[in-house]
Amino acid sequence: GDATTFINAGTLDLGAYASINDSAQNTAPVLTNSGTIAAPAGTAYASVEVPMDNSGTVSVTGGTLNIGVGNSSGHSDTGAYLISSGTTLDFTAGTRTFAAGSSITGSGTLEQDGGTLIGSFSDPGTMVWDGGAQSGPGTTTVPAGATLSIFSSGAQLTAGRVLANAGTVDMTENSYYDELR
């Protein structure tokens with residue numbers, strides 16, 4: 001069948017345990033956001049499991065938002081990711097590209113459990129890197145006062161990527177970092 005597209009130019013509220021996915025595994029659907037995606041309320045989680053392109057705002061207002069797929073083919077993010085205090089934005093799989101104009105801000109936690117992050121971005125204050133790659137041209141910046149915690153050997157810095165630390169990089173017990181390529 002033909003691919004489906006959900007174009008959000010307004011507000012998309014993802015409630016507790018809401019999931020946007022392709023359960024039928026048909027031709028890859030796409031979520032295109034030029035408005036606001038707010039997720040989730042309370043301490044629950046919500047997930048986006050389809051290719052998503054963000055030129056608007058993704059706002060994590062409670063709990064955890066898991067993003068388990070990268071951008072759609074040939075696209076990148078130019079919008080904002082806002083992570084409220086006590087919340088987590090977790091990139092778990094896929095390839096996500098941050099283009100000029102994109103940002104990750106707030107006092108919550110940015111987490112990467114898998115997938116590949118490309119392009120430049122800054123740690124918003126607390127970042128947990130438990131797996132996946134940060135790759136290609138671009139810089140991951142840990143500014144003064146911010147903390148990047150590396151919890152496993154699954155974290156990979158590849159293909160000319162720069163990790164610029166002016167804050168704290170915490171490598172936990174039993175983690176090692178030998179994937180500087």
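When I say a residue is buried, I mean under 20% relative accessible area, with exposed being over 50% and partly exposed in between, using a 1.4 Å probe and protein chains only. By that rule, 47% of the 181 residues of this protein count as buried.

Quick housekeeping. This is a predicted model, where local features need pLDDT of at least 70, side-chain atom pairs count only at pLDDT 80 or more, and totals for chains, interfaces and linings use all residues. Residues are numbered from 1 along each chain as its sequence is written, and side-chain values use heavy atoms, with hydrogens and water left out.

So what have we got? Zero helices and 23 strands; these are DSSP runs numbered from the N terminus, helices being H or I with at least four residues and strands E with at least two.

Eight of the strands make an open sheet, ordered 3-6-9-11-14-17-20-23, with parallel pairing; two strands pair if DSSP finds at least two bridges between them. Strand 3 (19-21) and strand 23 (168-171) sit at the edges with a single partner strand each, so one side of each has no neighbour in the sheet.

Let's zoom in on one pair. Strand 14, residues 109-112, runs parallel to strand 17, residues 126-129, over four bridges. Glu111, for instance, has Val128 in strand 17 as its bridge partner.

Now the overall shape. The C-alpha trace spans about 45 × 35 × 30 Å along its principal axes. As for contacts, meaning heavy atoms within 4.5 Å, take those between residues at least 6 apart in sequence: 35% of them join residues at least 24 apart.
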